[in-house]
Amino acid sequence: LQVNVRTDRYPRETSWTLTNKCSGQIQEQVDIDTLYVESYTDYSTTYCVPPAYYDFNIRDGYGDGICCDWGEGHYEVRYNRELVASGGEFEFSKRKLFGSCPSPPTSYPTTSPTESPTESPTESPTES
């Protein structure tokens, strides 16, 4: 997963969360006032995440998004090199769902093979 962010004038307001909807766990996140600290700067971060159905939620602490009142900020998210989310104009948050939960593994047969016959074969034919 690759997350690219071009910050606006107030980068410390920007945060995001990537939630794995298959497990319900937060997979990755960037909190406010941590990674994005320089105005009008491009940030590109790559994460190794398992195949899953994801909820990407980008947030702006002030409620004016990252474009266009205070700069031309924007973001894009690539999953398996495919563009799955992008933008910049939003208020407090913008969500995007993508991916899918992996199929469960194929289960093994639950019944044992049939038992061997219990009777012995008949004897050789007799003379008449």
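Predicted model: local features only at pLDDT ≥ 70, side-chain atom pairs only at ≥ 80, totals over all residues.
Strands here are DSSP runs (E, at least two residues), numbered from the N terminus. Strand 2 (residues 14–20) and strand 5 (residues 53–60) run antiparallel, joined by seven bridges. Two strands pair if DSSP finds at least two bridges between them.

Which strands form the open sheet, and in what order? There are four, in the order 3-2-5-10, with antiparallel pairing. Strand 3 (25–30) and strand 10 (93–99) are the edge strands, and each pairs on one side only.

## Aromatic pairs

A pair of aromatic rings is described by the distance of the centres and the angle of the planes. Rings of Phe, Tyr and Trp (its six-membered ring) pair if their centres lie within 6.5 Å; planes under 30 degrees apart count as stacked, over 60 as edge-to-face and the rest as tilted. The count comes to eight aromatic pairs. In one of them, the ring centres of Tyr54 and Tyr79 are 5.7 Å apart and the planes are at 75°, so this pair is edge-to-face. Because Tyr54 lies in strand 5 and Tyr79 in strand 8 (residues 74–79), the pair ties together parts that are 25 residues apart in sequence.

Are these two tyrosines buried or exposed? Tyr54 and Tyr79 are both buried (under 20% relative accessible area, with a 1.4 Å probe and protein chains only). Elsewhere, ring pairs link Trp16, Tyr47, Phe56, Tyr75 and Phe90 into a cluster.

## How to read the values

Residues are numbered from 1 along each chain as its sequence is written, and side-chain values use heavy atoms, leaving out hydrogens and water. Local features need pLDDT of at least 70 and side-chain atom pairs count only at pLDDT 80 or more, while totals for chains, interfaces and linings use all residues.

How values were computed
Buried < 20%, exposed > 50% of the residue type's maximum accessible area, 1.4 Å probe, protein only.
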